[in-house]
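Let's take a walk through this one, starting at the surface and then looking at a few local details.

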Amino acid sequence: MPLTCVRVSVLIPRSLSVARRFVEPVNRTIYLKSPQKFFTTAATARHINPKMFIAEERGSAYSPDYRVYFKDENGPISPLHDIPLWADAEKGLANMVVEVPRWSNAKMEISLGEPLNPIKQDVKKGALRFVGNVFPHHGYIWNYGALPQTWENPQHVDPGTQARGDNDPIDVIEIGERVAARGDVVPVKILGTLALIDEGETDWKLIAVDARDPNADRLEDVADVERVFPGLLRATVEWFRSYKVPDGKPPNRFAFDAEPKDAAFARRVVEETHEFWRGLVSGSAAADDISKMNVSAPDSPHRVERSAAAAALAAAPPAALPQPLPPHVDKWHFVSSL
């Protein structure tokens, strides 16, 4: 098979002392036998999709100005509106935008209200949010992110959960062995879903695995998760119940007695939230708090020229060294009962 030369932007640490926390973009030419294989650099493993997406960090990590923007081969895009939901619709593989790598604590999420919807760190009561480490867990126990082109409509009351949507793209926990990088776009196989009820709102948590993971072929449905990764589903429920307790909040609750629903059920939820997103980006659904700027959505009144998207990215602050993590991030919290 002939080699293919691909010019990509990869991330290389500025120095060994900050390799875990800060990376800067440099260009590197990688030769690949196939566009569907991993390649590895000094920083991380990356995946080349037929449609390639690049994450670009701006501002200083762990500060209010930090953002992660996204580009395709033609320039800046919105990860919410311009990255397709399906990586391979025939195979049922969805694109997952990684917001939080496994074992990290900073609560990063797609910014709904900002042009181009970059990833930023969530802020509550004027403080940047870090999830607590509730014994025996440390940070997020899977790669955590969202499916693009989905929206949990807050005007829709789900008949199963009897609660409205939470006004966010649908969340994904990716259970594969690789620790992803923030801003990765990962093709995932959907295995099932949990229905978290978060402050009275339906907050679906899709269970998925990177389609390239060594165990992906052994996982087709949520029942396979317990067989291949015994204890992970139980730990996942425990994590979601307890992660807000260190902040003085009560344990979260679930619909369906915290029993995960199967892959077929989860795919129906994905399709439903994709239709809600279509209404959002077309303007037929009201959501004034969400930026709908995009460069690709057909028939969207919010579609802009590439130059306008480039201008939005150009206005962002330059990349800078990260701020030190607060000391409380490493504290372990012990919860006697849930």
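Phe 135, Trp 332 and Phe 334 make a nonpolar surface patch of about 370 Å². Patch members have over 30% relative accessible area and no salt bridge, with like charges joined within 9 Å and nonpolar side chains (Val, Leu, Ile, Met, Phe, Trp, Tyr) within 5 Å; areas come from the Shrake-Rupley method with a 1.4 Å probe, and for residues only the protein chains shown count as cover. This is a predicted model, where local features need pLDDT of at least 70 and side-chain atom pairs count only at pLDDT 80 or more, while totals for chains, interfaces and linings use all residues. Residues are numbered from 1 along each chain as its sequence is written, and side-chain values use heavy atoms, leaving out hydrogens and water.

Trp 332 counts as partly exposed because its relative accessibility is 41% (buried is under 20%, exposed over 50%, partly exposed in between).

A salt bridge needs a side-chain nitrogen of Lys or Arg within 4 Å of a carboxyl oxygen of Asp or Glu; Lys and Arg count as positive, Asp and Glu as negative, with His and the chain ends not counted.

Leu 116 has a positive phi, near 70 degrees, without being a glycine, and counts as buried because its relative accessibility is 1%. Phe 256, not a glycine either, has a positive phi of about 60 degrees.

Key. Buried means under 20% relative accessible area, exposed over 50%, partly exposed in between (1.4 Å probe, protein chains only).
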